[in-house]
Amino acid sequence: MNIRTLLAGLFLSASALLLVQPAARGENAAAVPVQGGATALDAQNTKLQFVCAHVGPKPDPRKGSFSKLTGKAQIDPATKSLKSIVIDIDTNSLQTDFDKLTTHLKSPDFFEVRRFPTAKFESTKIEPASGTSQITGKLTLHGVTKEITIPAHVEITDAGLHLSSEFTISRLDFGMTFDPKKVEDKVALTVTIGAKP
Amino acid sequence: MAQAIGQVIEIFGIAAFFALATALGLTWLGQRLLPAGPANRFVLPCAVSIAYFSGYATLPRAFATFSPQTGQAWAWLPYLGLLAAITAASPPPTTKLSIRVILLTILATLSAVALSPIWSVYGFSRIPLAVFLSIYLLAVGFPLQQSPPHSYNRQSLYLLLAISILNTLAIGAIYSTRHAQLAALFAAALTGISIALRFRSKAPDLALSPLAPLFATLVGGIAWLACVEPDPPKPILLAIPLLSWAILALHAMLRLPSAPPRIG
């Protein structure tokens, strides 16, 4: 093997790596396909996770998620921008790594899922941006509806929609008043549309 | 450990204190103001039901609403407590056991309609669950109906108090603090009664049998809700109120007559 063959081989290998990189990163593969300017959301393509912690020197943050949700995102195909988004969550599908914690979170101390079996987010205004968009909407949780504005990274390509957002809410604002001296008021939420199943 | 202690303090908080103070005050007043006959009939059921209502009124309104909504069966409990008090106080203590059991059955059926879930439990729909619940509430209250009609027995009251406290702690440990707070209201009311009667110079002429409908509805009822609301259900919680059957063993040990004079 001479030096030319070696350089040609390296060039080809590098080109191949560059070509497959987006797929390898999972961007296009993870995007949710858009048909007719809309895409249906469900637990397969949308992940909704939360993290809450205890008050005090040993926070022991606990992760939770919802395994059942439905929704719809509307997209303007011309401008490739997000027009609206609605997500309905089955609160009884809440799950954590601990059965006892799951039972407690579903109880009237927190989500009260028998009385409030659904939660909902419905956008009212979306300010698109090349970096972080601002999505304003009504979040109904535990029977309380509040307007919130959340930052979101929205990416709409030919492959479809990908959205990721991280934000915090106050559980006390939504009437989940169980022992604020023991459990933090702020709950961190992560929404990912176009997550790998 | 510190967390557990914190939870117990929250469960037996302000609402329980109100229930205790109300029961103590009403029992003390009732014993002094009413003649023996009416006192025997009205004091305990009125003290417990009003104490339960007053404690409930101090819980956060978002949870303890006065107008029950779908999926919020516990909001019926204070009203069922009042209904149970009426059921308990209506017949004189010497009424035939069979009549009192019929009244208890009617109350258990009404309570079952209010407290049966709208979701299925172990594949059973609302009607079979309501039938099961009415039988369960009857089973919880029946042993107490057997208490002697005219003699106060401190040990029996302490036994009921111990069962109520155990019920409260189990619900708090297994399901939710809010439900445990509701269970604590009954335990607190019994504590108030115990304190009021503890410092009497002579044994009061108070029967415990009028407490049967209240015990069945409020102790059995909250245990039922804490059992069927979680998914999966927690049937172990149904066992604790059934410890009321131990009162029959206690009566046997103390050689008390275990039932009113005749049945039928």
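This is a predicted model: local features need pLDDT of at least 70, side-chain atom pairs count only at pLDDT 80 or more; totals for chains, interfaces and linings use all residues.

Now select residues 97-115 of chain B, which is helix H5.

Show the side chains of its buried residues: B:Arg100, B:Leu103, B:Leu104, B:Leu107, B:Ala108, B:Ser111, B:Ala112 and B:Leu115. Look at the numbering as you go, because in an α-helix residues three or four places apart point the same way.

Next, slide into the loop between H5 and H6 of chain B and click on B:Tyr122. Its phi is near 50°, a positive value in a residue other than glycine. Most residues other than glycine have a negative phi. Is B:Tyr122 buried or exposed? B:Tyr122 is exposed, because 10 other C-beta atoms lie within 10 Å and 12 or fewer counts as exposed.

For a contrasting stop, hop over to chain A and select A:Glu112, in the loop between helix H3 (99-106) and strand E7 (118-127). A:Glu112 also has a positive phi, near 50°. Here, though, the residue is buried, because 24 other C-beta atoms lie within 10 Å and the cut-off for buried is 20 or more.

Back in chain B, pick helix H3 (residues 36-57) and helix H8 (residues 177-198): their axes come within 9 Å and cross at roughly 135°. That angle makes H3(B) oblique to H8(B), and the crossing is right-handed. To see who meets whom, show B:Leu44, B:Ala47, B:Val48, B:Ala51, B:Tyr52, B:Gly55 and B:Tyr56 in H3(B), then B:Leu185, B:Phe186, B:Ala188, B:Ala189, B:Gly192 and B:Ile193 in H8(B). By class, this contact has eleven nonpolar, two polar and no charged residues.

Now zoom to B:Pro232, in the loop between H9 and helix H10 (246-254) of chain B. The peptide bond from B:Asp231 to B:Pro232 is cis, with omega near 5°.

Last stop: colour the two chains separately and find where they touch. There, 14 residues of chain A are in contact with 16 residues of chain B. The chain A side has two nonpolar, six polar and six charged residues.

Notes:
Residues are numbered from 1 along each chain as its sequence is written. Chains are lettered from A and ligands numbered from 1 in the order in which they are written. Axes are lines fitted to C-alpha atoms, for helices over the stretch in contact, and angles run from 0 to 180 degrees between N-to-C directions. Helices (H or I, at least four residues) and strands (E, at least two) are DSSP runs, numbered from the N terminus. Angles under 35 degrees count as roughly parallel, over 145 as roughly antiparallel, 65 to 115 as roughly perpendicular and the rest as oblique. A crossing is left-handed if the near helix is turned anticlockwise from the far one by less than a right angle, and right-handed if clockwise. Two residues are in contact if their C-beta atoms, placed from the backbone, lie within 7 Å. Ala, Val, Leu, Ile, Met, Phe, Trp, Tyr, Cys and Pro count as nonpolar, Asp, Glu, Lys and Arg as charged, and the others, Gly among them, as polar. The expected span of a helix is 1.5 Å times one less than its number of residues.
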